[in-house]
Amino acid sequence: VHGSLSSKTRPLVCVHGGPGIPHDYLLPLLDITHAHSIPTIFYDQIGCGRSTHLPEKKHDTSFWTVDLFLAELDNLLKYLEIQDNYDLIGQSWGGMLGASHAVRQPAGLKNLVLANSPPDMGSWIKVGQRFRSQLPQEDQDILDKCEKEGKEESEEYEKAMMSFYERHVCRTVPWPEDLLKSFEYLKEDNTVYFTM
């Protein structure tokens, strides 16, 4: 939590992407806190970053569900006692989660920003496949081979995925430190990322 939740200013809850990519890459949103004195809340969703990790649940799609993440968001809002008055920005997967939260029409949600978010996972997969088909053939072949062999955690796979990330996630060279930190956490535990 950056800023004071006891102020009269409505807080902004920042919901990161992935799923499983911790919030660090969203830290530039702190400019909002500094420029407008808006309390800004960053949290790592269950299974990644500084949150509770459950590597024993890897590939357990009955556990890692949208409902789990919605319940965790509700818990956060209640714990911070802001459930009656808050704004939310969701980026990528965080936007899909934010939209799923918003359709339940929580009374306390005053404003919602969806940033770089597809409407659902099916759309993301379709677009992701199109983007992947634009990679150099060598990278596509490595990704296909490693996925077929269950070697998604190999250095070879990671290098080929970096080709995708550099084209479709962040084109800034070098990558910002906050984004690098998020990817370091992902490398430490990719349970959620590879399950969902």
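These legends accompany close-up views of a predicted model. Local features are described where pLDDT is at least 70 and side-chain atom pairs where it is 80 or more, while totals for chains, interfaces and linings use all residues. Residues are numbered from 1 along each chain as its sequence is written, and side-chain values use heavy atoms, with hydrogens and water left out.

**View 1. The setting of His16 in its loop.** His16 lies in the loop that joins strand 1 (12-15) to helix 1 (30-36); helices (H or I, at least four residues) and strands (E, at least two) are DSSP runs numbered from the N terminus. Because its relative accessibility is 0%, His16 counts as buried, a term for values under 20% relative accessible area, computed with a 1.4 Å probe on protein chains only.

**View 2. The neighbours of His16.** Leaving aside residues up to four places away in sequence, His16 touches several residues, among them Tyr25, Leu26, Tyr43, Cys48 and Trp93, where contact means heavy atoms within 4.5 Å. The His16 side chain also reaches the backbone oxygen of Ile21 at 2.6 Å and the backbone nitrogen of Gln45 at 3.0 Å.

**View 3. The packing of helix 5 on helix 6.** Helix 5 (residues 137-149) packs with helix 6 (residues 155-168) at an angle of about 135°, and their axes, which are lines fitted to C-alpha atoms over the stretch in contact, are 9 Å apart. The two helices are therefore oblique to each other, the word for angles that are not under 35 degrees (roughly parallel), over 145 (roughly antiparallel) or 65 to 115 (roughly perpendicular). Among the residues that meet are Ile142 and Leu143 in helix 5 and Ala160 and Met161 in helix 6.

Notes. Buried means under 20% relative accessible area, exposed over 50%, partly exposed in between (1.4 Å probe, protein chains only). A polar contact is a pair of N or O atoms within 3.5 Å; within protein, one must be able to donate a hydrogen and the other to accept it, and residues adjacent in sequence count only if both atoms are side-chain atoms. Axes are lines fitted to C-alpha atoms, for helices over the stretch in contact, and angles run from 0 to 180 degrees between N-to-C directions.
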